[in-house]
Amino acid sequence: MAQVQAGPEIERLIQLLSKLPGLGPRSARRAALALLKKREVLLEPLGLAMRDAAAAIKTCEVCGNLDTSSPCSLCNDPRRDAHVLCVVEDVADLWALERASVFRGKYHVLGGALSALDGITPEKLNMAPLIARVRDGVEEVILAMNATVEGQTTAHYLMDALAASTVKVTRLAHGVPVGGELDYLDEGTLSHAFKARRSL
Ligand code: ZN
């Protein structure tokens with residue numbers, strides 16, 4: 001990245017910001033400037049919020065969700081049906097489904113999708129614990145992967161992995177556009193896709 005001649009602290013801030021999704025070097029420079037111009041209302045509170053989040057937020061040992069407790073509040077919620085597991089790629093997808101209020105079971109977050117190109121193998125994802133959970137009294141597994149090549153590859157892999165068990169496996173149907181990511185769908189589309197899931 002080209003230097004901006006403004007001291008190592010600003011360089012470091014820009015460099016870190018540019019690693020965020022959706023931010024390249026140019027938007028990272030703009031974001032850094034915006035932060036520095038609003039030191040008291042933005043820069044300092046953001047620094048504290050980040051430090052607090054880093055200290056408090058854990059990955060749930062059961063489902064892979066992010067929360068201040070492990071097991072997370074969703075895993076600990078007795079009103080949620082433990083017989084139905086919804087498998088998602090990322091926490092952002094879990095949040096999207098929760099916003100749509102279509103699902104009252106438990107989740108399992110894989111932490112990504114299979115990708116030969118990026119070297120993402122089943123061992124690098126939260127998959128073995130999923131198989132173990134399914135053996136433990138789960139009746140239905142809903143595969144809520146993104147409608148991307150990686151998402152669908154992951155869904156097929158899991159279908160094969162679960163074929164030997166008696167669990168019912170369903171996946172999201174209509175409404176998720178090809179190439180679409182769950183996090184970007186509106187609640188109505190997501191809700192429809194969820195309700196129209198079908199047996200495999
Ligand atoms: Zn959890």
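**Starting from one arginine**

Let's start at Arg-197, which is partly exposed, with a relative accessible area of 29%. On this scale, buried means under 20% relative accessible area, exposed means over 50%, and partly exposed is in between (1.4 Å probe, protein chains only). Before going on, keep in mind that this is a predicted model, where local features need pLDDT of at least 70 and side-chain atom pairs count only at pLDDT 80 or more, while totals for chains, interfaces and linings use all residues. Residues are numbered from 1 along each chain as its sequence is written, and side-chain values use heavy atoms, with hydrogens and water left out.

So what does Arg-197 pair with? The side chain of Arg-197 meets that of Glu-140 in a salt bridge, at 3.0 Å from N to O. Glu-140 sits in strand β5 (residues 140-143) and Arg-197 in the loop between α8 (187-195) and β7 (198-199), so this is a link between distant parts of the chain, 57 residues apart. Helices (H or I, at least four residues) and strands (E, at least two) are DSSP runs, numbered from the N terminus.

Side chains of opposite charge can pair when their charged atoms come close. To count as a salt bridge, a side-chain nitrogen of Lys or Arg has to be within 4 Å of a carboxyl oxygen of Asp or Glu. A search of the whole structure turns up six salt bridges. Among them is the one between Arg-39 and Glu-44, whose closest N and O atoms are 4.0 Å apart. Arg-39 is partly exposed at 45% relative accessible area, and Glu-44 is partly exposed too, at 41%. Another salt bridge joins Asp-52 to Arg-51, again with 4.0 Å from N to O. Here Asp-52 is partly exposed, at 45%, while Arg-51 counts as exposed, at 56%.

Back to strand β5 and its surroundings. Val-84 stands opposite Glu-140 in β5, and four bridges join β3 (residues 81-88) to β5, the two strands running parallel. Two strands pair if DSSP finds at least two bridges between them.

Next, some rings. Two aromatic pairs come out of a search of the whole structure. Phe-103 and Tyr-107 have ring centres 5.1 Å apart and planes at 70°, so the pair is edge-to-face. Phe-103 also pairs with Phe-194, this time tilted, with 5.5 Å centre to centre and 50° between the planes. Phe-103 lies in the loop between α5 (91-100) and β4 (105-109) and Phe-194 in helix α8, so this pair ties together parts that are 91 residues apart in sequence. The rule is that rings of Phe, Tyr and Trp (its six-membered ring) pair if their centres lie within 6.5 Å; planes under 30 degrees apart count as stacked, over 60 as edge-to-face and the rest as tilted. Ring pairs link Phe-103, Tyr-107 and Phe-194 into a cluster. Phe-103 and Phe-194 are both buried, and Tyr-107 is buried as well, at 2%.

Those two phenylalanines come up again in the largest nonpolar core, which has 27 residues: Cys-86, Leu-97, Phe-103 and Phe-194 touch the most other members. A nonpolar core is a set of buried Ala, Val, Leu, Ile, Met, Phe, Trp, Tyr and Cys residues joined through side-chain atoms within 4.5 Å. The elements that give two or more residues to this core are α4, β3, α5, β4 and α8. Which element gives the largest share? That is α5, with five residues.

Last stop: the zinc ion. Its protein donors are the SG atoms of Cys-60, Cys-63, Cys-72 and Cys-75, lying 2.3 Å from the zinc ion. Donors are N, O and S atoms within 2.8 Å of the metal (3.2 Å for Na, K and Ca), and water is not among the atoms, so sites may look incomplete. Why is the arrangement tetrahedral? Because the four donor atoms subtend angles of 105 to 116°; four donors count as tetrahedral if all angles lie between 85 and 135 degrees. Along the chain, the donors follow the spacing C-x2-C-x8-C-x2-C. Cys-60 is in the loop between β1 (58-59) and β2 (66-67), and Cys-72 is in the loop between β2 and α4 (73-76), twelve residues apart. Cys-60 is buried at 3%, and Cys-72 counts as buried at 0%.

Methods:
Four donors count as tetrahedral if all angles lie between 85 and 135 degrees; four count as square planar and six as octahedral if opposite donors are over 155 degrees apart and all others between 65 and 115; anything else is irregular.
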